[in-house]
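I opened the notebook to look up a few parts of one structure. The entries follow in the order I made them.

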Amino acid sequence: MMVRCARWSAALVFGLLTVASVVALAQSKKPWTVPSTSWGDPDLQGVWSNSHEINVPFERPAEFGTREYLNKDEVGRVLAERNKNREDNVDNVGGIGTGAGPGHWYEYWNNNVSLRTSIVVDPPDGKIPPITPEAKRRDDARKGLGRQGSWGNGPWNGPEDFSNYERCITRALPDVNLQLFYNNNYQIVQGPGYVAILYEMIHESRIIPLDGRPHSPVRQMMGDSRGRWEGQTLVVDVTNFTDKTNFRGSGDTLHLVERFTRISPTQIKYEVTVDDPTVWTRSWTARSFWDKDAQQAQVFEYACHEGNYGLFNMLSGARAAEKKAAAESGKRQ
């Protein structure tokens, strides 16, 4: 009996010590706080990537309603569909019958899968709001010319008929901050009164002043950025785009409010509210999460102009098509 009691006593003491250790460990683990720069601003510096979100559709499929995340079964289905698509298109990733570089160029084939159902998070259904009648007229006019978004069908009379992205000029905001086919790395560098962002896609950079100066009247393809800190969040107001930029039908009337929040040692939450009353019936918000790459990724050169033979070839093809049509017309006459 005494032996049994001794065993119980030992077990009780061990259990109490274990509980005490767990409580002490929990109390000693302090909540994570955003690190600061030497001059006191929240530290967002480093190389970040949103490649893990390449599987997330920009707008939410209707089947998910207002749900922001996939369940386990749905994730499995997404992976199966993507793997099948990879097998079917291993030599033909970027286009049908044209080829677009080897598969390892494309972030789409990485093994990471996000549980998110859409990049658009407001409205709650994850859909971009309806466009205005004015915007629809402009959109119909572009389609009448064979120019639908970045990848139209012509006619191509000169380089100016292509998008800035196809011409290796700019991917522009806010597209460049959201998930892309590849080149999804961003490097943030800070200095007193400034934040700079270097983009891997088309090697662009932004310098964002934080000193409260008014917007510049000069219009730019990347717009004019003015930042401020709201607690731990960098808020950037972007306006004064040019009429040469086009984000889903919006150009020089586009207005963005961006929010960069470091939510963990390895992640930044990026949100952008998009507003243009001439294009959409209400403003809307997109969200992306930027991760610090475990392999310490770097920003590589994007030597687009040096290899942009596609633009030359498309213009050559348009001229050849015109000659063929003229010859056939002459034969009929």
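**Entry 1: asparagine 50**

I looked up asparagine 50 and found that it is buried, because its relative accessible area is 0% and the cut-off for buried is under 20%. I note that the model is a predicted one.

Where in the chain does asparagine 50 lie? I found asparagine 50 in the loop between strand E1 (46-49) and helix H2 (72-88).

Next I listed what asparagine 50 is in contact with, leaving aside its neighbours within four places in sequence. The list holds Asn177, Leu178, Gln179, Asn184, Tyr186, Ser288, Phe289 and Trp290.

**Entry 2**

I turned to strand E10, which covers residues 284-292. Strand E10 runs antiparallel to E9, and eight bridges join the two. Across this pairing, I saw that tryptophan 284 in E10 stands opposite valine 274.

How many bridges join strand E8 to strand E9? I read nine, between E8 (residues 255-264) and E9 (residues 267-275), and this pair also runs antiparallel. E8 and E9 make a hairpin, with two residues between them. I also noted arginine 259, which has glutamate 271 in E9 opposite.

**Entry 3: helix H4**

Last, I checked helix H4, which has 24 residues, 309-332. From its first C-alpha to its last, H4 reaches 35 Å, close to the 34 Å expected at 1.5 Å a residue.

Which residues of H4 are buried? I wrote down Leu311, Leu315 and Ala318.

Methods:
Residues numbered from 1 in each chain as written. Predicted model: local features only at pLDDT ≥ 70, side-chain atom pairs only at ≥ 80, totals over all residues. Heavy atoms only, no water. Helix = DSSP H or I, 4+ residues; strand = E, 2+ residues; numbered from the N terminus. Expected span 1.5 Å × (residues − 1). Buried < 20%, exposed > 50% of the residue type's maximum accessible area, 1.4 Å probe, protein only. Pairing = 2+ DSSP bridges. Contact = heavy atoms within 4.5 Å.
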